Amino acid sequence: MLFGSATAAYQVEGAWNEDGKSENIWDRLSHQEPCVIAEPMVTLYHWDLPQKLQDLGGWTNSLIVDWFTDYSRVAFELFGDRVKYWFTINEPDSICDLGYGVAKLAPLSNYSGYSDYLCSKNILLAHAKVYHLYDDEYRSKQGGTIGIVISAPWQEPESEEHAEAAEEARQFKWGIYANPIFSKKGDFPEVIKQRVAVKSMIQGFPRSRLPEFTSKEVEFIKGTSDFFGLNHYSSALIYRNESVYGYYNQPSLNDDTNVISYEDSSWEGYYIKIAPWGFYKLLTKIREDYDNPPIFITENGYATLGGLEDHDRIKYFTQYLDAILDAIEEGSDIRVYTAWSLMDNFEWLYGYTLRFGLYEVDYESPERTRTPRKSAYFYKQIVRTHTLDHLYEPDMSVPLSIDEGH
Ligand code: BGC
């Protein structure tokens, strides 16, 4: 009897393109279709900026472009052998608008109408620089894929006469990030450049509050995402509201948009309104406006105040996944869906009150016990079968284990 322990070249060696070695079928598969292989997905920045950098101005200081690049290099060096999906920045509009504009997220700064746009410019440059870093120095060695995550609600005109207003609202909300990266022309959307310039003039500023990109920067940013990372939760209705600071009282991105946004009171849902038709419209728009990019849906989910029998969350996921299927049938290239969220967590300014988890966390227990909600069983069924059974009734008496290989 001979004993040993076995391994195989591809499974341990790496160095796939060293010393004249040519590409093999596993190199091709794992580099071109990383989706078929189980591996982690990593977001480099999901809002936890070191306070010391915030003290220096945070995302309004243009030096952050280099700080973020230095940090990303460390992450690529340390983890790039294992991580094949990189997301540079999660939800630039939350960071800039909510963090620097209307003070709803840290750092709760409200120099709106100026620092929020400065933040947008620096975020786009920082993202692009990190994309180029990965592309130039790491992609050939590590074979991963990298992009940005943009958060977009669907903004629906209240009536046909507000169609233009709704389209402008979309540009101010997320086109401000999508256009520079995904459109053929690049740069901030024209409507934003013109509107902010005119409003700034009326408001007595010596120049537009919107910083400009040089033509070199426009080219540098254009095309810097391998996919369209998308977070989507719900929709809103839009109507036109021309004001100089009528409604908002001070210069701000919201004031510049010249619209009012609200949710229809007839829509179902507690904190998140259930409006799946909006998701379908959003996915269609991204397909049509940006030449059908691969879409990675990185967040989509529903909040409750707790409880294991979360039928509303199941309804939400069923209807939103249905909307995704409709978009796929019409040609959208949707490759990834990750539900928000695995378990209840710290919901920013809402603390531990709003609960997004498939798993409930008992914050009172020393172990912070996690218990699967009904939606966890439901979601497992979807992941296992890749089908959406509207009548599926999860059996919560069967233990749910993540060790079952699904
Ligand atoms: C954010 C998450 C947040 C979730 C629910 C997303 O915009 O990326 O951090 O918990 O929304 O509000």
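The legends below describe close-up views of a predicted model. Local features require pLDDT of at least 70 and side-chain atom pairs count only at pLDDT 80 or more, while totals for chains, interfaces and linings use all residues. Residues are numbered from 1 along each chain as its sequence is written, and side-chain values use heavy atoms, with hydrogens and water left out.

**View 1. Residues surrounding the ligand.** The ligand is surrounded by His-46, Trp-47, Asn-90, Glu-91, Tyr-233, Glu-299, Trp-340, Glu-347, Trp-348 and Phe-356 (a residue is near a molecule if one of its heavy atoms lies within 4 Å of it). By class, this shell holds 5 nonpolar, 2 polar and 3 charged residues (Ala, Val, Leu, Ile, Met, Phe, Trp, Tyr, Cys and Pro count as nonpolar, Asp, Glu, Lys and Arg as charged, and the others as polar).

View 2. Polar side-chain atoms lie 2.9 Å (Asn-90), 2.6 Å (Glu-91) and 2.8 Å (Trp-348) from an oxygen atom of the ligand (a polar contact is a pair of N or O atoms within 3.5 Å). Taken alone, the ligand exposes 310 Å², of which the protein buries 89% (Shrake-Rupley method, 1.4 Å probe).

**View 3. The parallel sheet.** An open sheet with parallel pairing is formed by 6 strands in the order β1-β2-β3-β5-β8-β9 (strands are DSSP runs of E, at least two residues, numbered from the N terminus; two strands pair if DSSP finds at least two bridges between them). Because β1 (41–45) and β9 (334–337) stand at the edges with a single partner strand each, one side of each has no neighbour in the sheet. The twist averages 30 degrees from one strand to the next. Strand β8 (residues 295–299) is joined to β9 by 3 bridges, with Ile-295 opposite Ile-334.

View 4. Helix α6 (residues 115–142) lies across β1, β2 (85–90) and β3 (145–151), at about 160 degrees to β3 (helices are DSSP runs of H or I, at least four residues; contact means heavy atoms within 4.5 Å; angles run from 0 to 180 degrees between N-to-C directions of axes fitted to C-alpha atoms, for helices over the stretch in contact). Helix α11 (residues 276–289) lies across β5 (228–231), β8 and β9, at about 165 degrees to β5.

**View 5. The mixed sheet.** In a second open sheet, 3 strands follow the order β4-β6-β7 with mixed pairing. The edge strands, β4 (154–157) and β7 (259–262), each pair on one side only. Strands β4 and β6 (residues 235–240) pair in the parallel sense over 4 bridges, and Leu-237 in β6 is the bridge partner of Glu-156. Helix α11 packs on this sheet, touching β4 and β6, and its direction makes about 100 degrees with that of β4.

Definitions and conventions
Polar contact = N/O pair within 3.5 Å; in protein donor to acceptor, adjacent residues only side chain to side chain.
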